[in-house]
Amino acid sequence: MIQIVNVSQNWAIGKQGRLLIHIPADMRRFRELTSGKVCIMGSTTLESFPRMAPLKNRVNIVLIDDEKKIRPESLAAEAADRAAGQMTELIYVRTPEEALLRAGAYPKDDVFVIGGASIYRLFLPWCDTCLVTHNDFPSDGADTFYPDLDATGEWRMTEQGAPNDFEGTEYRYCRYERI
């Protein structure tokens with residue numbers, strides 16, 4: 001499995017339930033890499049999407065701890081996508097083991113863990129690759145962090161892309177592999 005994440009300074013990923021920065025080119029890259037694939041996420045991540053709609057043309061596996069977190073809006077969006085010919089699928093699961101079982105039906109390089117923070121930490125032991133967009137956006141007030149892969153001793157950066165710029169924020173795409 002692969003984790004995909006955008007991190008600011010100090011591996012910060014969010015503040016008050018929102019991303020710290022939206023970089024359009026990074027969002028396009030995310031869509032390109034995950035389209036037609038499987039995305040594992042938590043219910044809060046699903047709820048953060050416009051209309052609480054699952055990601056189009058993907059198998060969306062959503063880990064929930066309570067049946068009340070099944071959103072009618074998400075189910076309606078899935079049905080609308082399918083009626084429009086999209087290959088969107090929304091699967092709610094109650095345990096990490098059930099998520100892994102469902103994802104196990106697909107090649108491991110087609111399975112992406114996309115957040116939030118607790119989901120990243122929970123599934124990191126099963127991942128061999130992390131696609132990390134590092135940016136220098138200030139992380140002041142951040143309250144959500146991704147594990148610092150550089151400090152764990154379990155990961156090695158195997159690729160580091162050229163720097164890019166978005167409105168004064170420098171960012172680069174990096175690939176980490178489990179050692």
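Predicted model: local features only at pLDDT ≥ 70, side-chain atom pairs only at ≥ 80, totals over all residues.
## Basis of the model

Local features require pLDDT of at least 70 and side-chain atom pairs pLDDT 80 or more, while totals for chains, interfaces and linings use all residues. Residues are numbered from 1 along each chain as its sequence is written, and side-chain values use heavy atoms, without hydrogens or water.

## Salt bridges

The structure holds 11 salt bridges, each defined as a side-chain nitrogen of Lys or Arg within 4 Å of a carboxyl oxygen of Asp or Glu. One of them joins R71 to E47, with the closest N and O atoms 3.7 Å apart. R71 lies in the loop between β5 and α3 (72-83) and E47 in helix α2, 24 residues apart; helices (H or I, at least four residues) and strands (E, at least two) are DSSP runs numbered from the N terminus. E47, R71 and E73 are linked in a network of salt bridges.

E67 and R94 also form a salt bridge, at 3.0 Å from N to O. Because E67 lies in the loop between β5 and α3 and R94 in the loop between β6 (89-93) and α4 (96-103), the pair ties together parts 27 residues apart in sequence.

R51 is located in the loop between α2 (43-48) and β5 (59-63). Its relative accessibility is 57%, so R51 counts as exposed (buried is under 20% relative accessible area, exposed over 50%, partly exposed in between; 1.4 Å probe, protein chains only). Beyond its neighbours within four places in sequence, R51 is in contact with E73 and A77, contact meaning heavy atoms within 4.5 Å.
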